[in-house]
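Colleague: Thanks for making time for me. Could we go through the model together, and may I keep asking how you know things?

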Amino acid sequence: MRIAVVGGGPGGLFFATLMRRADPSASVTVFERNRADDTFGFGVVFSDRTLDAIHQADPVLREALTGHGRHWDEIEVRLKGERLRCGGNGMASVVRRTLLRLLQERAAEAGAELRFATAVTLGDLAGYDLVVAADGTGSRIRDEVLRGGADLGSEVETATAKFIWFGTDYLFDGLTFVHERGPDGAFAVHGYPISDEVSTFIVETDEESWRRAGLDGFDVTQPPGASDLISKKYLEQLFAEQIDGRQLLVNNSRWGNFRTRRTRHWHVLDPRPVVFLGDAVHTAHFSVGSGTKMAMEDAVALSGALSGALAGQPGDLAAALAAYEAAAQPSVRKIQDSARPSLAWWEHFGRYYDSFEPWQFAYHFLTRSITDSRLGRRAPDFAATSHRGWSARHGGAEPLDTPFACGGWSAPGRLLTVAAAPDGRPALVTGGTAPLPLIPLIPLVSLPRSSAGQPTASSSPPGPPGARPGEARPWGAAVAAPDAEAGLPEVFAALARLAALDDPPVLVAVYGGTPLTRTLVSEQARLRHRIPSLVTAAPVAASGDAALRDQALTTVLSGRADLIGRGA
């Protein structure tokens, strides 16, 4: 069998090695449009907990990380003059060029043919039985297949945050997140060492801050290679104290917006067999550090499926490619699902910087995808420090036992019972000084409006049950979170109108949607409009009261909501 691999990155090279070892009769040729020693970016980072499958397939990555990389256990968060550390996060990194060199050597030793500085199209590969497209997020082979009429079932979401990739000759101790609010807005760094001399230095910011800083002048349509030196100078000055006045290093350094790609079908058979791996069909935000890992795991799954199902019979190719998708896609979906809340965090970090004390900011960040109990097992000292931070601010009370009071209504703790209306929406909060009626948001934001679109002076919400005409009694608003993030702007606009009422609610009760959209609606209410929020708890198993309390504790302690509501 003749196999052409398009793309000489980690995924393509690792597949070539594994395929040749699994089936020495297979002819494998790797085509890479860049030279052997060209690389864009600086380093790659891996979590210790996620590398078993790659190490079992071939020890090349372990050897690269052990012999040439850097390892650490703690994550550091820096902001407002404080440095907070959280252990239990074993990670390692290596210079990307070093990893590629070792993978190139491994593939050549296994008998793969490597052709560098060779750009190819599908038309150039007519003599091959299978084309493996490992040519990255801008895959030309994928685009060629799509132009031919294939439907891969691709979905692409573009993040609102801007990012740019540098290196620096300042050496971080380990994975470090640095946050600064400068004269133009909030900027943040993902930094980590990749050798004894260089660290990776990725900067993120929101588009408004980026434009205010005058960093939008670089022509990103230039061919790869040129770097944005104006942004380099600006960021060197902004983060000068954090990197001891060291310089930033450029390598195709230019601003972009991260694009998350999801794809249902990773191969086509007609008009010719083409299979995809890595960023060509799936991406996950770099804050979860999994792009290279996912590509190498794809290589393990694809080589295993081909060698196992084919056994020298090309007629079994369709079954082999289907088996590859079945083996590789579940883990990719899991990583992408965990990466979306992380990406969303980076789209809103400026708000968190302004709203939270350093301990709560760090706790909020490190619980993007895990709960308090898991964080406590991983880093007990950090978790304990976070609990002490809350207690110091709330008279010694633990989060769920902290009294709540607003607008004449109060509750002795933060975990309350919510009764539902016949249509399933939250209707009444109990457990406070008195039952608190919840009025649906839609009637509330349909009150009389002025010509400018604002509530009129006489606007007031429908009175809660039992209220006498003109009597002001505490009430809450039931706000449905959307099922998709595309629906958030409409809900946010309704929240703004709600906040402008003469008699605003003492809280909003957020329900429905997804865990992420519920969180974003809750934070919009409490952090943007200063209206306390209650988030209805997701259903848990019958034995899951401990799990519910764990999630409730995490949500309140992190500042994602003020209260948690559970079903009656």
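Colleague: Why is strand 22 described as largely enclosed by the rest of the structure?

Modeller: Bear in mind that this is a predicted model. A residue is called buried if its relative accessible area is under 20%. Of the 5 residues in strand 22 (residues 436-440), 4 are buried, so the strand is largely enclosed by the rest of the structure.

Colleague: What joins strand 22 to strand 23?

Modeller: Here there are 3 bridges, and the strands run parallel. Strand 23 covers residues 476-480, and its Gly 476 is the bridge partner of Leu 438.

Colleague: Which strands does strand 20 pair with, and in what sense?

Modeller: With strand 26 (residues 563-567), strand 20 (residues 415-420) pairs in the parallel sense over 4 bridges; Leu 415 has Ile 564 as its bridge partner there. With strand 21, strand 20 runs antiparallel, joined by 4 bridges, and Ala 419 has Leu 428 as its bridge partner. Strand 20 and strand 21 form a hairpin too, with 5 residues between them; Gly 424 in its turn has a positive phi of about 95°.

Colleague: What is the strand order in the open sheet of 6 strands?

Modeller: The order is 8-2-1-9-17-16, with mixed pairing. Strand 8 (113-115) and strand 16 (267-268) stand at the edges: each has a single partner strand, so one side of each is left without a neighbour in the sheet.

Colleague: How do you know that strand 1 and strand 9 pair?

Modeller: Strand 1 (residues 2-6) and strand 9 (residues 130-133) have 4 bridges in the parallel sense, and at least two are needed, so they count as a pair. Val 5 stands opposite Val 132 in strand 9.

Colleague: Last one: which residues make up the positive surface patch?

Modeller: Arg 49, Lys 334, Arg 374 and Arg 377 form the patch. Arg 49 is found in the loop between strand 3 (43-47) and helix 2 (52-57).

Definitions and conventions
Residues are numbered from 1 along each chain as its sequence is written. This is a predicted model: local features need pLDDT of at least 70, side-chain atom pairs count only at pLDDT 80 or more; totals for chains, interfaces and linings use all residues. Side-chain values use heavy atoms; hydrogens and water are left out. Buried means under 20% relative accessible area, exposed over 50%, partly exposed in between (1.4 Å probe, protein chains only). Helices (H or I, at least four residues) and strands (E, at least two) are DSSP runs, numbered from the N terminus. Patches are made of residues with over 30% relative accessible area and no salt bridge: like charges are joined within 9 Å, nonpolar side chains (Val, Leu, Ile, Met, Phe, Trp, Tyr) within 5 Å. Accessible areas come from the Shrake-Rupley method with a 1.4 Å probe; for residues, only the protein chains shown count as cover. A salt bridge is a side-chain nitrogen of Lys or Arg within 4 Å of a carboxyl oxygen of Asp or Glu. Lys and Arg count as positive and Asp and Glu as negative; His and the chain ends are not counted. The place of a charge is taken as NZ of Lys, CZ of Arg, CG of Asp or CD of Glu.
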